[in-house]
Amino acid sequence: MGAVAVGIAGAMLMLSEFLGPKHFFREKMEPFECGENQIVSPKQRYSVRFYLIAMFFIIFDIEAVFLFPWAVIFQQLGMFGFIEMMIFILLLGVGLIYVWKKGALEWE
Amino acid sequence: MASIPVPDISLGAIAPEITLALTAVVALMLEVFAEKKGRDHIAYISLVGVIVACFITFRLAGDPSWTTFSGLYVVDRFGQFFKLICLLGTGMTILVSVKYNKDEGIDNGEYYALLLFATSGMLFMVSGSDMITIFMGLEVMSISLYALAGYTRKRARSNEASVKYFILGSLSTAFLLYGIALIYGSTGSTQIDIIAKAVSSGSGVEAVLDLGIVMLMIGFAFKVSAVPFHMWTPDVYQGAPTPVTAFMSAGPKAAAFAAFFRVFNVAFPSLQADWWVIIWILAVATMTVGNVIALLQNDVKRMLAYSSIAHAGYILVGFVAGGALGSSAIMYYMLVYTFMNIGAFAIVTVVGRKGEEKTKFSDFTGLGYRYPLMAVALVIFLFSLAGIPPTAGFVGKFYIFMAALKHGYVYLAVIGVVNSVISIFYYLRLSVMMYMQDEPGEDLPPLVFAPSLIAVMIVAIYGSLWLGIMPAGYISFAQSAFLAL
């Protein structure tokens, strides 16, 4: 069974490799902007703020990851779960206050 | 609906870590809410947090060992002893940092918050009785250290140190994690006492287990900077701000050794016949390479970095010896090393002046006449690092080599002694330069000794001398700490 599956998948890859039409042209071979004529240069600089925003996003993303399962079994967890999660949110809140006061949330 | 049972949680057990983390949060909040002028209070508040954590750790040390958090965390004397070493290192580092940070314009709350977060990670690491706890602690510690290494962000060298440390550190962490995964695959647990049972009963898959142990060893060897995994150490130690270097060379190393020792002696004692050879080779290579390359250095920070590699080698000798004697020797040595090394780095921060431009050997010439007390202090630290009696370094080394001899590792002890003779050369070279050469002609502003720095030096001199003259009390403390493991 497995051999048949591997065989079919392999054969398909091989066939498309040998039979498929191939056109190589300059734009296609460039790794940037997927075969289109380049509109902008790939070597431009962009603001470090994007990284900051990405990091803040990860923090609150993780918070959501924890909040969903917690919300699902909120009843069973009881008071203990509630207090634990409040401490967690409080600590994240401290982080938010910190980045806010530091001015990291302002784009300009 | 049935409520989910709460696992046994003893917040008292992790009270030192909680104290440190809360102090770090307070430091962060003070950073954003307090006035921009006069930031010393953040340092002193952090210091108070460390001292409170010390007291709690000390109180916990009295009890016999017990586990909590479903076996993830163990409270025992072995861990508490190493925790006190880490806290000592942090406390001294905070004091060294006060003036340095002001000179460099980095006296921010974040600096102290990062120090405290790193310390809480270390404490988790030394008390982890589960690979996951150890890994979490290691990551909290390492990530804070990556940021700290590049804290003087306008200095190119500091940036280089940070990036190097980050890349090599994450690589080594990957090794460690892969080792944990393989061991879990073989034995079915991440908890070290359950792993021990599976290993001794031979129920695990042997090839996978062996590979896992080797990976784990590589990961830890990176963290304690054992040769051939030491390449990052000189560049990182030289590039990082000097107080951070002092910090990195003491606490994190102690924590890594504690976790290393705990994992190998609790989880894999039945395979000791297999792994001691690897550690033996690591120990010999680490001592020899560290000492020989240190001979050629012209920068004091770099010399101290190689000397710290060599000292990791001596500690690995104690690791090979193992048993009650070997482990208490490691503990005692780590304690002594914290005192003398941070003391030496404290003086480098003073002599280095603003911007750390004066850390060459030649910048230390003639200091013996202009600053006699400071020179005497540095000589004490250097003699202690070299292991010359009556300093604490001598007792520490004596204890380690005695442990190796008692357990029949005669060649290892001989190589260790030969190495410490080699090391005397470069420690003495610096001392000789301070006393026997004239000062360079250029006119330099006088060195400034802040009160906090004098306090560190007094503590460090106390440690380096008193532990050498009256070692009995501390040695019996270290021995009792082992018995509980």
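Is B:L95 buried or exposed, going by its C-beta neighbours inside 10 Å? Read on to the third view for the answer. This is a predicted model, where local features need pLDDT of at least 70 and side-chain atom pairs count only at pLDDT 80 or more, while totals for chains, interfaces and linings use all residues. Residues are numbered from 1 along each chain as its sequence is written, and chains are lettered from A and ligands numbered from 1 in the order in which they are written.

**View 1. Chain B as a whole.** Chain B has 19 helices and two strands (DSSP runs numbered from the N terminus: helices are H or I with at least four residues, strands are E with at least two). Its radius of gyration is 22 Å, close to the 23 Å that the globule rule gives for 485 residues, so chain B is as compact as a globular protein of that length. That radius is taken over C-alpha atoms, and the rule is 2.2 Å times the number of residues to the power 0.38. Along the principal axes, the C-alpha atoms of chain B fill a box of roughly 75 × 60 × 40 Å. As for confidence, the mean pLDDT of chain B is 90, with 96% of its residues at 70 or more (pLDDT is the predictor's confidence in each residue, from 0 to 100).

**View 2. Helix α2 of chain B and its cover.** This helix takes in residues 40-60. Its 21 residues should span 30 Å at 1.5 Å a residue, and the end C-alpha atoms are 31 Å apart, which agrees; the expected span is 1.5 Å times one less than the number of residues. Buried residues of α2(B) include B:I42, B:L47, B:V50 and B:I56. A residue is buried if 20 or more other C-beta atoms lie within 10 Å of its own, exposed if 12 or fewer, and partly exposed in between, with C-beta atoms placed from the backbone. Among the elements covering them are α1 (15-33) and α3 (77-104) of chain B.

**View 3. Around B:L95.** Look for B:L95 in helix α3 of chain B. Here's the answer: B:L95 counts as buried because it has 24 C-beta neighbours inside 10 Å. Leaving aside neighbours within four places in sequence, B:L95 is in contact with B:L47, B:S452, B:L453, B:A455 and B:V456 (contact means C-beta atoms, placed from the backbone, within 7 Å). B:L95 and B:L453 are 358 residues apart along the chain, yet their C-alpha atoms are separated by 6.2 Å.

How values were computed:
Contact = placed C-beta atoms within 7 Å.
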